[in-house]
Amino acid sequence: MSMAQQLPPEGTDSKDDAQWQGESRGLQQEEPLIFEIGRPGKCGVDLPEPSSRRERLGPLKREGSIGLPDLSEPEVVRHFVRLSQKNYAIDAGLYPLGSCTMKHNPRLNEKMARLPGFADIHPLQPQKTIQGALELMTDLADWLKQLTGMPAIAMSPKAGAHGELCGVMAIKAALEARGESRARILVPESAHGTNPATAALCGFSVSAIPAGDDGRVDVAAFKEQLGPDVAGIMLTNPNTCGLFEKDIIEIADAVHEAGGYFYCDGANFNAIVGRVRPGDLGIDAMHINLHKTFSTPHGGGGPGAGPVVFSEALAPFAPLPYLVHETDEWRLIERAEEGDAQPFGRMTAFHGQMGMFVRALSYILSHGGDGLRQVAEDAVLNANYVLEELRGDMSAAFEGRCMHEALFDASFLQGTGVETLDFAKAMIDKGYHPMTMYFPLVVNGAMLIEPTETESKESLDRFIAALRDLSTAAKAGQVESFKNAPVHAPRRRLDETTAARKPILRWTSE
Ligand SMILES: *Cc1c(COP(=O)(O)O)cnc(C)c1O
């Protein structure tokens, strides 16, 4: 099936100026699939047939073709360069995805990460040859412990979700060390999907805690759920509605009193870094998405890093490997017998994402303590600016101020025939990547906008004006233009349901 031949949706005029599916326009090249460009036998190199070759594969020798496209080198280069230019990126414009913290990645970080002493080391190199790298990890670890007010850290988890797994495995190990096995973990309804998934993967059942009318955990409902079978709570603060959980200390005390542990999803740490130390709030474990709060690049499956900080209670159970400093030397402890802790095990082959560590430390050092505090303040200021400017045009999901992200619901679209999905698609025609939609689940038709601290007022004003225009158009009954959107993108709206239910993962020529 060829994407280039995809027909415009019914009811649209294919001669319309805006329909340019399958055509080049301006200097934007239409780009078919690589399989459609290739021709059998085309080859970028000219190698002589090997003169003597002995077949040693016997019956294992491949009979048919390998099924890869045949192309020349310039065709390959152009194909991938063109595709890369269709890819939206933070370096191309505002990226309002809530919860994702898509912010500018300073070039200084990249320069540091490319220093050969960091970029070219190998994880199996003798430790005495990588002392500088180990020292850098220790420095970063110290900053993260300082900023969170937590005494211990695991640097090896590779992402936020991986950090959650690390934290909940430590909780499980701590309970086992007490001779207990508890069955349930409490997770608020507004949580990121990785929270219940992590709890379930670790063998716990998940009890949902409802949100109150103010978008925060309903403390009474939470307390009702507590009991001797509760291993802990997984709570995000600020939560995914962009609101600070004001009752967090009461929640922490109650969960501890019931013998459970407090896991905090720290994905939104950028809203409070330098202002609040999670350790002071009674948290036992929290992951930090270096690729969100500390600006390292992400998206498109790029590398992340999700170090986890631990309280005194969970510190002994942190995973291998961990770093120690002994008489002028940094050393990775790789086996439980080498130390006196009770690590729950090991999560990764190697210690961590070195490039991410370098970038994060570079970001931290270039901001300094006061600069990081300002990061949080500006992130919150920008989100509140968006929220207040759009309050009259769109519908804010909750009363009052927000933290680092502005959450709207779909009630301003009620009766227009336009839905959240249409609104998001129409943003593409306006030159904006859509915000996060339909998340968090506790808000009807949610639209979650996280401008981050790195957008200027001018850039926010342009974005706000675009959303205002769209809101006005929706209310003026221009429902057709929303249903057809996007018209200016290289591809029209895809049938996402079929794509999800019946994914075609292999190209075939039929
Ligand atoms: C991003 C995010 C996660 C998961 O982090 P990854 O690094 O993508 O695995 C978990 N919780 C929240 C609230 C998030 O925003």
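**View 1. The shell around the ligand, by class.** Three nonpolar, seven polar and three charged residues make up the shell around the ligand; here Ala, Val, Leu, Ile, Met, Phe, Trp, Tyr, Cys and Pro count as nonpolar, Asp, Glu, Lys and Arg as charged, and the others, Gly among them, as polar. This is a predicted model, in which local features need pLDDT of at least 70 and side-chain atom pairs count only at pLDDT 80 or more, while totals for chains, interfaces and linings use all residues. Residues are numbered from 1 along each chain as its sequence is written, and side-chain values use heavy atoms, with hydrogens and water left out. Of the 13 residues around the ligand, G160, A161, D265, H291 and K292 come nearest (a residue is near if one of its heavy atoms lies within 4 Å).

View 2. A polar side-chain atom of H291 sits 2.6 Å from a ligand oxygen, and a polar backbone atom of A161 is 2.8 Å from an oxygen atom of the ligand. For N289, an N or O atom in the side chain is 3.0 Å from a ligand oxygen (a polar contact is a pair of N or O atoms within 3.5 Å). The protein buries 86% of the 380 Å² that the ligand exposes when taken alone (accessible areas by the Shrake-Rupley method with a 1.4 Å probe). Two or more shell residues come from each of α6 (160-177) and α10 (290-293), and α6 gives the largest share, three residues. Helices (H or I, at least four residues) and strands (E, at least two) are DSSP runs, numbered from the N terminus.

View 3. Strands β6 (residues 285-287) and β7 (residues 308-310) are antiparallel, joined over three bridges, and H287 has V308 as its bridge partner in β7.

**View 4. The four-strand sheet.** Here the order is β10-β11-β13-β12, in an open sheet with antiparallel pairing. A406 stands opposite I449 in β13. Helix α11 (residues 354-390) lies across β10, β11 and β13, at about 30° to β11.

Notes
Pairing = 2+ DSSP bridges. Contact = heavy atoms within 4.5 Å. Axes fitted to C-alpha atoms, helices over the stretch in contact; angles between N-to-C directions. Polar contact = N/O pair within 3.5 Å; in protein donor to acceptor, adjacent residues only side chain to side chain.
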